[in-house]
Amino acid sequence: MEHENITRIMLDEKEYILIGTAHVSKQSAEQVKEVIEAEKPDAVCVELDEQRYQSIMAGNSWKDMDIFSVIKQKKASLLLINLAISSFQKRMANQLGIQPGQEMIQGIESAKEMGAKLVLADRNIQITFSRIWHQVGLWGKAQLLSQVVASIFSKDTISEEELEKMKSKDMINTVLNEFTESFPRLKVPLIDERDQYLAQKIKDAPGKKIVAVLGAAHVPGIKEEIKKEHDLQQLSKLPPKSQAPKIIGWSIPIIILAIIAYTFLANPDAGLQQTLSWVLWNGSLSALGTALALGHPLAILTALVAAPITSLNPLLAAGWFAGFVQAFFNRPSVSDFETLTEDVFTVKGFWSNKVTRVLLVIVFANLGSSLGTFIGGADVIRLFFQNF
């Protein structure tokens with residue numbers, strides 16, 4: 001059984017059969033079934049990590065997610081990216097009448113039927129996103145989040161031309177396509193590193209005959225990388241955090257506090273004016289952001305009180321506090337999690353679902369607080385020079 005998208009590799013007395021699949025093709029799933037039944041491999045590797053495997057096996061249900069843990073672990077942005085991918089897949093499923101990832105499900109089922117060892121060969125998606133996040137600056141992060149949000153709201157149909165392109169692309173890369181074109185270096189964590197990780201996991205799979213079910217985009221890289229040895233531990237490391245944001249983050253509040261303290265000593269009235277300006281700009285803009293997200297009245301009040309304080313501590317954020325209060329008083333139900341991927345198709349659904357409402361409160365409260373820090377800080381400096 002030979003097809004142009006099947007690659008056979010003999011290495012160290014082991015045979016590797018790579019099936020280059022299209023994540024959006026019914027034929028790919030059928031081919032996976034045929035190849036595994038014909039080859040009777042010792043192991044079947046699939047391009048999934050544990051998180052995506054559990055998601056597929058649970059029918060992509062979000063009902064077990066703890067929104068409080070998401071806030072505590074500062075994973076609101078990651079959840080937003082996951083939602084974007086989920087919505088994108090759902091949109092394709094509705095338009096094309098297929099289940100995205102069907103070939104991976106078929107690989108899992110066929111491995112079980114044939115008694116082959118199932119190997120989850122891809123790197124943890126959170127590590128991949130963390131390494132992508134590390135590669136871009138502040139402006140890049142803003143661009144990435146705006147593109148993710150835009151892809152969630154997009155209801156555009158997928159053209160035949162785009163569909164053909166998807167057949168040779170990685171699913172995650174497809175969602176972040178425009179972004180990777182703006183930041184070519186992101187190909188390293190998104191494709192190259194995963195080629196290395198996948199190649200090593202396939203190489204380490206037990207038995208003499210291994211079938212690997214992969215997105216077609218990864219096959220050329222894996223053909224080369226499988227000949228080398230790769231350190232999975234190194235590829236799974238979270239990137240070291242840059243000290244620059246920490247230094248800047250602490251420098252701004254120290255400068256603001258020093259200016260206000262000095263002004264108070266020299267001119268108490270001017271110092272009081274500076275303090276009021278800082279509190280009002282920070283608190284009111286953060287509260288306004290929370291209100292725009294249709295936050296609970298107590299979440300709005302929390303943002304108003306917390307923002308002037310959290311803006312002076314880089315380890316804290318007004319959005320986290322407002323988000324906690326929002327989640328506590330407007331707690332998402334199981335049905336909110338279950339309808340999440342449907343609700344994000346519309347602006348109304350995005351604002352009415354209690355899960356996404358919490359995310360909006362966090363993001364908007366933080367944006368308001370950041371804007372308040374900028375305007376309030378500028379006003380503190382203006383008052384300082386005006387009085388001296």
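Biologist: Before we look around, what counts as a salt bridge here?

Modeller: A salt bridge is a side-chain nitrogen of Lys or Arg within 4 Å of a carboxyl oxygen of Asp or Glu. Keep in mind that this is a predicted model. Aspartate 379 and arginine 382 form such a pair, with their closest N and O atoms 2.8 Å apart.

Biologist: Where do those two sit, and how are they spaced?

Modeller: Both are in helix H21 (residues 354-387), and because they are 3 residues apart, about one helical turn separates them.

Biologist: Is each of them buried or partly exposed?

Modeller: Aspartate 379 is buried, at 17% relative accessible area, while arginine 382 is partly exposed at 42%.

Biologist: Nice. How many salt bridges are there by that rule?

Modeller: The count comes to 12. One of them joins arginine 8 to glutamate 39, with the closest N and O atoms 2.4 Å apart. That pair links distant parts of the chain: arginine 8 is in strand E1 and glutamate 39 in helix H1 (residues 26-39), 31 residues apart.

Biologist: And which of those counts as buried?

Modeller: Glutamate 39 does, at 12% relative accessibility. Arginine 8 is partly exposed, at 32%.

Biologist: What about glutamate 225, which residue does its side chain meet?

Modeller: Lysine 228, in a salt bridge of 3.7 Å, N to O. Glutamate 225 is buried, with a relative accessible area of 14%, and lysine 228 is partly exposed at 42%.

Biologist: Switching to the sheet: what is the strand order?

Modeller: It's an open sheet of 5 strands, ordered E1-E2-E5-E3-E4, with mixed pairing. E1 and strand E4 (117-120) are the edges, each pairing on one side only. On average, neighbouring strands are turned by 20° against each other, direction ignored.

Biologist: How many bridges join E1 and E2?

Modeller: There are 6, between E1 (residues 6-11) and E2 (residues 14-21), and these strands run antiparallel. Methionine 10, for instance, has glutamate 15 in E2 as its bridge partner. The hairpin has 2 residues between the strands, and aspartate 12 takes a positive phi near 50° there.

Biologist: Which helix holds phenylalanine 329?

Modeller: H17. Phenylalanine 329 is partly exposed, with a relative accessible area of 44%.

Technical notes. Residues are numbered from 1 along each chain as its sequence is written. This is a predicted model: local features need pLDDT of at least 70, side-chain atom pairs count only at pLDDT 80 or more; totals for chains, interfaces and linings use all residues. Side-chain values use heavy atoms; hydrogens and water are left out. Two strands pair if DSSP finds at least two bridges between them. Helices (H or I, at least four residues) and strands (E, at least two) are DSSP runs, numbered from the N terminus. Buried means under 20% relative accessible area, exposed over 50%, partly exposed in between (1.4 Å probe, protein chains only). Axes are lines fitted to C-alpha atoms, for helices over the stretch in contact, and angles run from 0 to 180 degrees between N-to-C directions.
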